[in-house]
Amino acid sequence: MVKRRPGTTPTLEQVAALAGVGRGTVSRVVNNEAGVRESTRRAVQQAIAELGYVPNLAARSLAGRRADAVALVMTERDWRLFGEPFFSETVTAVGDALAETSVQLLLTLVRTDAERQRFVEYARGGRVDGVLLMSVRAEDRLPDMLADAGLPTVLLGRRSGDEQITYVDADNVGGAREAVAHLVAGGRRAIAAITGPLDMYVARCRLRGYRQALEQAGLPAPASRTVEGDFTEASGRRAMAELLERHPEVDAVLAASDTMASGALAVLRTAGRRVPEDVAVIGFDDFELARHTDPPLTTVRQPLEQIGRTMVRLLLEEMEQPEVAWRHVILRTQLVVRDSA
């Protein structure tokens, strides 16, 4: 039985050994050349399937040549979210960082298991030299599949607190904690939260910071004052309406994104609640949107440009030194105070 080490890419030699033929025979089958008996061809094809071998097109054209391309992969399942500022600003930040190099950026959407497998085979075939991943949820296996294939990979954010893939993240716990502490310092006592989808670690971290700040202030944090959204404006509207119905006494809300905060502002305006006099609102991200809401939005700035540049730097380093250990980078956030709080 021919085995390969986890994290390594199957080789032509391993296929040949498993099929019981020479390396040249495998090469002729891969290139669909004549002169190979049908039984031998089937044996080689079976070995290729069993080992998960993918021909490296770049190596076949010129040994040792790189693709000079990296893929930025978005794994979000809901197409609506690609219109949110987070995605466009991340793509811009990564693109700007790569513009200073000779490396091309390929933008790819991967949402299903079949698409994951196809992408891994595509990437392992020598078409890209590394992968940047964003919007990865807790159960997503794609980072592990890429690591098993030996592909340099860097995540924006992380799936859990014990992530074992290189990632760059913002201090989401600290940012949310600072935002709620600001609300408490302003005299707010009935503070609610609109979270992101809780199957994403970033949303759970922002919720944790919210709860920590209330605990430190000796204020209650009943579960009914927390409503889950999905980072869209529509979910911010829905969550704010639910909070007002449950707790008319709410005097402040932390929304886990600026777009959800924008939705919350619209609902408060319709309900006749003044911002910030009756209800203070804080968002998270500091997108351009935050400067143009009515009133302008107090928010937690995460340094997306710095995040993008750091992701690119770490990926390029892993491409040069594949044996380097994974690294974790958490960048500071900043509370930006405007009129809404």
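1. Asp286 sits in the loop between S9 and H12. Helices (H or I, at least four residues) and strands (E, at least two) are DSSP runs, numbered from the N terminus. Phi of Asp286 is near 65°, a positive value in a residue other than glycine. Asp286 is also buried, with a relative accessible area of 7%. Buried means under 20% relative accessible area, exposed over 50%, and partly exposed in between (1.4 Å probe, protein chains only).

2. A word on the source. The model is predicted: local features need pLDDT of at least 70, side-chain atom pairs count only at pLDDT 80 or more, and totals for chains, interfaces and linings use all residues. Residues are numbered from 1 along each chain as its sequence is written, and side-chain values use heavy atoms, with hydrogens and water left out.

3. Ser135 has a positive phi too, near 60°, and is not glycine. Its loop runs between strand S3 (130-134) and helix H7 (142-148). Ser135 is buried at a relative accessible area of 7%. Most residues other than glycine have a negative phi, and most peptide bonds are trans.

4. Check two peptide bonds. Val275 to Pro276 is cis, with omega near 10°. Pro276 belongs to the loop between helix H11 (258-270) and strand S9 (280-285). Asp294 to Pro295 is cis as well, with omega near 0°. Pro295 is in the loop between helix H12 (289-292) and strand S10 (298-301).

5. Arg158 lies in the loop between strand S4 (153-156) and strand S5 (167-170). Arg158 counts as buried, at 15% relative accessibility. Its side chain makes a polar contact of 3.2 Å with that of Tyr167 and one of 3.0 Å with that of Asp169. A polar contact is a pair of N or O atoms within 3.5 Å; within protein, one must be able to donate a hydrogen and the other to accept it, and residues adjacent in sequence count only if both atoms are side-chain atoms. Leaving aside neighbours within four places in sequence, Arg158 is in contact (heavy atoms within 4.5 Å) with Val136, Glu163, Tyr167, Asp169, Tyr201 and Ile330.

6. Now the helix pair. The axes of H2 (residues 23-30) and H3 (residues 38-51) come within 10 Å and cross at roughly 85°. So H2 is roughly perpendicular to H3 (65 to 115 degrees). Axes are lines fitted to C-alpha atoms, for helices over the stretch in contact, and angles run from 0 to 180 degrees between N-to-C directions. H2 contributes Thr25, Val26, Val29 and Val30 to the contact, and H3 contributes Thr40, Arg41, Val44, Gln45 and Ile48.

Notes
Parallel < 35°, antiparallel > 145°, perpendicular 65-115°, else oblique.
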